[in-house]
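Hi everyone, thanks for coming. Could you bring up the sequence and the structure on the screen, please?

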Amino acid sequence: MAETKSICVYCGSKAGFDETYLREAGALGRAIARRGMGVVYGGGNVGLMGAVAESALAAGGRVVGVIPRSLEERELASGGLHELIVTDDMHERKAIMARRADAFLALPGGYGTLEELFEALAWSQLGFHAKPVGLLNTAGYFDPLVRFLDQAVERGFLRLKDRALLQVEAEAEPLVRDLAARVGA
């Protein structure tokens, strides 16, 4: 039997001020589960993280959480997951998430989300992996970031082929469909 393909989801432990973010995070979890894929994520049950995990589980998807011991209590680690891995630190967490993933996808979030997204992109640019990377641009949240990346190309700091490593979509379903097709799920 073939192993289930998984998407590593990076997103906020907060919900944001607009209900659209939570709605789209739920739609993402359901879209991943409907494709028969699993979710690997930060392990929390709050904010967008919780919405992705809960919706994927409710749709019958496999969900693996990876959380550092120091955040386990602060982020209220999710129960009811197929697997919850508690790590010693963030470096171990990110390494496990990357190994378990066939694709990476970021939703709105803060510093941590952006750091994880850019690490996945930098690793791809350097040839450390060939996994697709997607950005769910809910309600235009990442519009300034997308413009910045385009400016980096225009000013000679990012090659066009490397800018193309990041697939940007406004809705969950087409993004999951495209990432799934690229990993053969």
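I'll talk about helix packing and then about aromatic pairs. Please keep in mind that what you see is a predicted model.

Let's begin with helices. Two packed helices are described by the angle between their axes and the distance between the axes. Find helix α1, residues 19-34, and then helix α2, residues 47-58. Their axes are 7 Å apart, and the two helices pack at an angle of about 35 degrees. The crossing of α1 and α2 is right-handed. Which residues of α1 and α2 make the contact? On the α1 side we have Y21, L22, A25, G26, L28, G29, R30 and A33. On the α2 side we have G47, L48, A51, V52, S55 and A56. Sorted by class, this contact of α1 with α2 has 9 nonpolar residues, 4 polar ones and 1 charged one.

Now stay with α1 and look for helix α8, residues 172-183. Here the axes of α1 and α8 come within 9 Å, crossing at roughly 35 degrees. The crossing of α1 and α8 is right-handed. From α1, the contact uses E24, A27, L28, A31, I32 and R34, and from α8 it uses A172, E173 and V176. By class, the contact of α1 with α8 has 6 nonpolar and 3 charged residues, with no polar ones.

On to the rings. How many aromatic pairs does the structure hold? There are 3 aromatic pairs. Take Y10 and F104, which form a stacked pair, 6.0 Å centre to centre with 10 degrees between the planes. Y10 sits in strand β1, residues 6-10, and F104 in strand β5, residues 103-106, so this pair ties together parts that are 94 residues apart in sequence. Buried or exposed, what is Y10? Y10 has 5% relative accessibility, so it counts as buried. F104 counts as buried too, at 1% relative accessibility.

Another pair takes us back to α1. The ring centres of Y21 and Y141 are 5.9 Å apart and the planes are at 80 degrees, so the pair is edge-to-face. Because Y21 lies in helix α1 and Y141 in the loop between β6 (133-136) and α6 (143-154), the pair ties together parts that are 120 residues apart in sequence. Y21 counts as buried at 16% relative accessibility, whereas Y141 is partly exposed, with a relative accessible area of 35%. Ring pairs also link Y21, Y141 and F142 into a cluster.

Note on methods:
Residues numbered from 1 in each chain as written. Predicted model: local features only at pLDDT ≥ 70, side-chain atom pairs only at ≥ 80, totals over all residues. Heavy atoms only, no water. Axes fitted to C-alpha atoms, helices over the stretch in contact; angles between N-to-C directions. Helix = DSSP H or I, 4+ residues; strand = E, 2+ residues; numbered from the N terminus. Left-handed = near helix turned anticlockwise from the far one by under 90°. Contact = heavy atoms within 4.5 Å. Nonpolar A, V, L, I, M, F, W, Y, C, P; charged D, E, K, R; others polar. Phe/Tyr/Trp six-rings, centres within 6.5 Å; stacked < 30°, edge-to-face > 60°. Buried < 20%, exposed > 50% of the residue type's maximum accessible area, 1.4 Å probe, protein only.
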